[in-house]
Amino acid sequence: MTAKKAPARAAAPAPAKSAGPAKSAAKAPGRRGSAAKTPATARRAKATPAKKAPAAPAAPAFAAPADEPELVQLLTAEGVRVPHPEYDRWVEDITADELRGFYRDMVLTRRFDAEATSLQRQGELGLWPSLLGQEAAQIGSGRALRPDDYVFPTYREHGVAWCRGVDPTLLLGMFRGVNNGGWDPTSNNFHLYTIVIGSQALHATGYAMGIGLDGADSAVVAYFGDGASSQGDVAEAFTFSAVYNAPTLFFCQNNQWAISEPTERQTRVPLYQRARGYGFPGVRVDGNDVLAVLAVTRAALAHIRSGQGPMLVEAFTYRMGAHTTSDDPTRYRADDERQAWEAKDPIERLRAHLLAEGLADEAFFASLEEESEAMGRSVREAIRAMPDPDRLAIFENAYADGSSLVDEERAQFEEYQASFADVSAGEGE
């Protein structure tokens, strides 16, 4: 039967187009992929058009802050006060002293941040995440909080820590590796820095659920960045806060870059609009406008305290420095982009407003410059005077009732540390 079928297939008329491949096959016998097409194969190839690779979805166009009608702004980039129908009332009581205080907060926070960056370059810190450019987002929101509110930060909220009364040198201790966090979270209602991206949103939600059950009117604030908004932990926190009507303020500092990934590659809509899918409101504020951030945060906290559940605030700002001192932003970011945002500098914006309105004079700015220099000196002296940590402290408080495994690990580590002393003693003989 096989012999009969073979001649029949050979006798079948082949399309003229098959002659080309047949000749190629004859010229290169045994070559993979060079065999001539059979009539059936040729018909299938002709009937089935070649598949095209799916086109990549077009990235959504994000409007610049000046062109974004949904952006809440009270001070323009030039420091001019502009009215807002909804948020003016939240800053009507702000005095000239308070405005000067906000300016002082931002200047000293930036100086501390610059000093920490310099100290890392000198080998005094293992790492440092700069907040350069985000001072207004942090000071404006931090000054809107009450003492009984609780904050869950990331690792960049140096300005919020300043507002909560945390000693700046304690922040440095963690990055120097001489403490296990640096401060008592219950003393300032400011939790320890969170290195794991996005996990603090769940911690804040759980804490807020507890506050809700206690019947308190305090609020809980979870700070995170645009990159963290892509984490599953943040999505879960949104879900639980919405379902349990938890008093959680999700404060997203959208600084445009999740390390080297721009925001438009992380979301198809502005970040604040994500709140709609979870059933609670969101708002976008000019994160370089300290007055607008203060107003929006105050309004959001009032909404939360009234029992209406969580809210999302997106502070539209810019990270003018590197992600951390181990990052090189020049490899993925254009210089003209940074220059455009430098023109919207939050400190210069408030300075221009203070001068234009006659709320501060050159004597004020000169005095603040002296205070800034003194702060830099005190930070340098404090960090270099920090004692070495107790190397065995990490084994304490791991278990309430102790653990044989921890005891074994402690003994092994003690023996390992002692070996260095033996070597140094031997070398000195």
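The lining of the largest pocket in this predicted model comprises, by class, 8 nonpolar, 11 polar and 3 charged residues, where Ala, Val, Leu, Ile, Met, Phe, Trp, Tyr, Cys and Pro count as nonpolar, Asp, Glu, Lys and Arg as charged, and the others, Gly among them, as polar. The volume of the largest pocket is about 320 Å³. Of the 22 lining residues, Tyr155, Gly225, Gly227, Ala228 and His323 are the closest to the centre of this pocket, and the elements that give two or more residues to its lining are strand E3 (220-225) and strand E5 (257-258). Pockets and cavities were both located on a 1 Å grid over the protein atoms alone, a cavity being a set of points where a 1.4 Å probe fits but cannot get out, and a pocket an open set with protein on both sides within 12 Å along at least five of seven lines; lining residues have an atom within 4 Å of a point. Grid points are joined across faces, edges and corners, and a volume is the space filled by probe spheres set on the points. Helices (H or I, at least four residues) and strands (E, at least two) are DSSP runs, numbered from the N terminus.

Across the whole structure, 2 cavities of 30 Å³ or more were found. The largest cavity holds about 40 Å³ of space and is lined by Thr109, Phe112, His158, Ala161, Trp162, Val166, Pro168, Leu171 and Met375. At least two lining residues come from each of helix H4 (96-121), helix H6 (158-163) and helix H7 (168-176), with H6 giving the most, 3 residues. By class, the lining of the largest cavity has 7 nonpolar, 2 polar and no charged residues. The second largest cavity, with about 30 Å³ of space, is lined by Phe224, Ser229, Phe238, Cys252, Leu271, Arg274 and Leu312, which divide into 5 nonpolar, 1 polar and 1 charged.

Ser199 was examined separately and lies in helix H9 (residues 199-214). Ser199 counts as buried because its relative accessibility is 11%, buried meaning under 20% relative accessible area (1.4 Å probe, protein chains only). Not counting residues up to four places away in sequence, Ser199 touches Thr194 and Asp233, contact meaning heavy atoms within 4.5 Å. The C-alpha atoms of Ser199 and Thr154 are separated by 8.9 Å, the two residues being 45 residues apart along the chain.

Residues are numbered from 1 along each chain as its sequence is written, and side-chain values use heavy atoms, with hydrogens and water left out. Because the model is predicted, local features need pLDDT of at least 70 and side-chain atom pairs count only at pLDDT 80 or more, whereas totals for chains, interfaces and linings use all residues.

Conventions:
Buried means under 20% relative accessible area, exposed over 50%, partly exposed in between (1.4 Å probe, protein chains only).
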